[in-house]
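Let's take a walk through this protein together. Have a look at the sequence and the model first, and then we'll go piece by piece.

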Amino acid sequence: MTIQWFPGHMAKARREVSEKLKFVDIVFELVDARLPLSSRNPLLDQLLQQKPRLVILNKADLADPQQTRLWQVYFEKAGFAAVAVSSHDAGTTKKVITAAKTALKEKIARDKARGLKPRSIRAMVVGIPNVGKSTLMNRLVGKKIAQTGNKPGVTKGQQWLRSGSELELLDTPGILWPKFEDPEVGKKLALTGAIKDQLLHLDDIAIYGLDFFAGYYPGRIAERYKLTAEQETLPAVELLMAITEKRGYKDDYDRGSELVVVEIRQNKLGSFTLDRYEEMGAGDSEE
């Protein structure tokens, strides 16, 4: 599956990120904890250059906890500060501010040595669509001020938001790269909802999801859809047919595909991580 999707507002967002970097102390790079590498924008390393960065693994409540811990260490070894959060957790704001202070400890120490008065940390928040940027912003500022939605690309402009006295945030629209060179990345993003469903064949995504769960989390499909262990070992296409029939949809496989994709996204099959550290994290970081 090759997906090309690069709306004009995303090209504009790239320019705005470059222009606004000089106004911030640190960049908060938001990624989906279920796919910490695949939800990163490869262009950001070029755009952000040497600006201090905090990688925020968001939606950690939806991800495999063991995998999240491994990925957090991976980013720290790559030279970035990293923190795993759930935007619905009341303790998220404190975790993010503490991690940002740690990432900026040298700058804070220099400013103190120069006799400068402490001021709030100025941060830019960047990330691809649907990694939960707006929900995190609302959590950090303590009220619903950033527009949210389940569809990618809801945030369209830039705005400054204040989080108490310690943090000022510059929101940016979601940025996606022009082309997915790796079809596997496209499938992962599609399964988690980072790509608009209108651009996809949901049966392909459902089959990909079923294949993944059968391989990495055996037993969950059979448990969720009341199938036998033998049925769960069927090829994914036949497995989708079995689920569709089990739910009473007869031969409406489009409806069955939508059910599977939605329930995976809603964690009805349990928490999961698509980017497996043991397969993708080994070896040297690209950074």
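Two strands pair if DSSP finds at least two bridges between them. Helices (H or I, at least four residues) and strands (E, at least two) are DSSP runs, numbered from the N terminus. What you see is a predicted model, where local features need pLDDT of at least 70, side-chain atom pairs count only at pLDDT 80 or more, and totals for chains, interfaces and linings use all residues. Residues are numbered from 1 along each chain as its sequence is written, and side-chain values use heavy atoms, with hydrogens and water left out.

**The overall picture**

The secondary structure comes to 13 helices and six strands. Of the 287 residues, 50% count as buried; buried means under 20% relative accessible area, exposed over 50%, and partly exposed in between, with a 1.4 Å probe and protein chains only. Contact means heavy atoms within 4.5 Å. Among contacts between residues at least 6 apart in sequence, 72% join residues at least 24 apart.

Start with strand E2 (residues 53–58) and strand E3, which pair in the parallel sense over four bridges. Leu-57, for instance, has Ala-84 in E3 as its bridge partner. To get from E2 to E3 the chain passes through helix H3 (residues 65–77), and this β-α-β crossover is right-handed. That label applies if, with the strands pointing away from the viewer, the path from the first strand over the helix to the second runs clockwise.

Strand E3 (residues 81–84) is covered on both faces: Ala-81 and Val-83 are buried on one side, Ala-82 and Ala-84 on the other.

Now zoom in on Val-55, which lies in strand E2. Val-55 is buried, with a relative accessible area of 0%. Leaving aside neighbours within four places in sequence, Val-55 is in contact with Glu-29, Val-31, Phe-75, Phe-80, Ala-81, Ala-82 and Val-83. Val-55 and Phe-75 are 20 residues apart in sequence, yet 7.4 Å apart in space, C-alpha to C-alpha.

**The cores**

In soluble globular proteins, nonpolar side chains tend to be buried together. Here a nonpolar core is a set of buried Ala, Val, Leu, Ile, Met, Phe, Trp, Tyr and Cys residues joined through side-chain atoms within 4.5 Å. Which residues have the most contacts inside the largest nonpolar core? They are Phe-28, Leu-54, Ile-56, Leu-169, Ile-221 and Ile-243, in a core of 56 residues. Helix H8 (residues 202–216) gives the largest share of this core, six residues. A second, separate core has twelve residues, including Val-31, Ala-33, Phe-80 and Ala-82.

**Ring pairs**

A pair of aromatic rings is described by the distance of the centres and the angle of the planes. Rings of Phe, Tyr and Trp (its six-membered ring) pair if their centres lie within 6.5 Å; planes under 30 degrees apart count as stacked, over 60 as edge-to-face and the rest as tilted. The structure holds ten such pairs, and here are two of them.

| Pair | Centre to centre | Angle between planes | Type |
|---|---|---|---|
| Tyr-74 and Phe-75 | 5.3 Å | 75° | edge-to-face |
| Phe-213 and Tyr-217 | 5.7 Å | 45° | tilted |

Tyr-74 is buried at 9% relative accessibility, and Phe-75 is buried at 0%. In the other pair, Phe-213 is buried with a relative accessible area of 1%, and Tyr-217 is buried at 7%. Ring pairs also link Phe-212, Phe-213, Tyr-216, Tyr-217 and Phe-272 into a cluster.

**Positive phi angles**

Most residues other than glycine have a negative phi, and most peptide bonds are trans. Lys-59 has a positive phi of about 60° although it is not a glycine. Its place is in the loop between E2 and H3. Lys-250, also not a glycine, has a positive phi of about 55°, and Lys-250 lies in the loop between helix H11 (236–246) and helix H12 (253–265). Are these two lysines buried or exposed? Lys-59 is buried, with a relative accessible area of 16%, whereas Lys-250 is exposed, at 67%.

**Helix H12**

In H12, Gly-256, Ser-257, Leu-259, Val-260, Val-261, Glu-263 and Ile-264 are buried. What covers these buried residues includes helix H7 (183–192), H8, helix H9 (220–225) and H11. After H12 comes Asn-267, whose phi is positive, near 60°.
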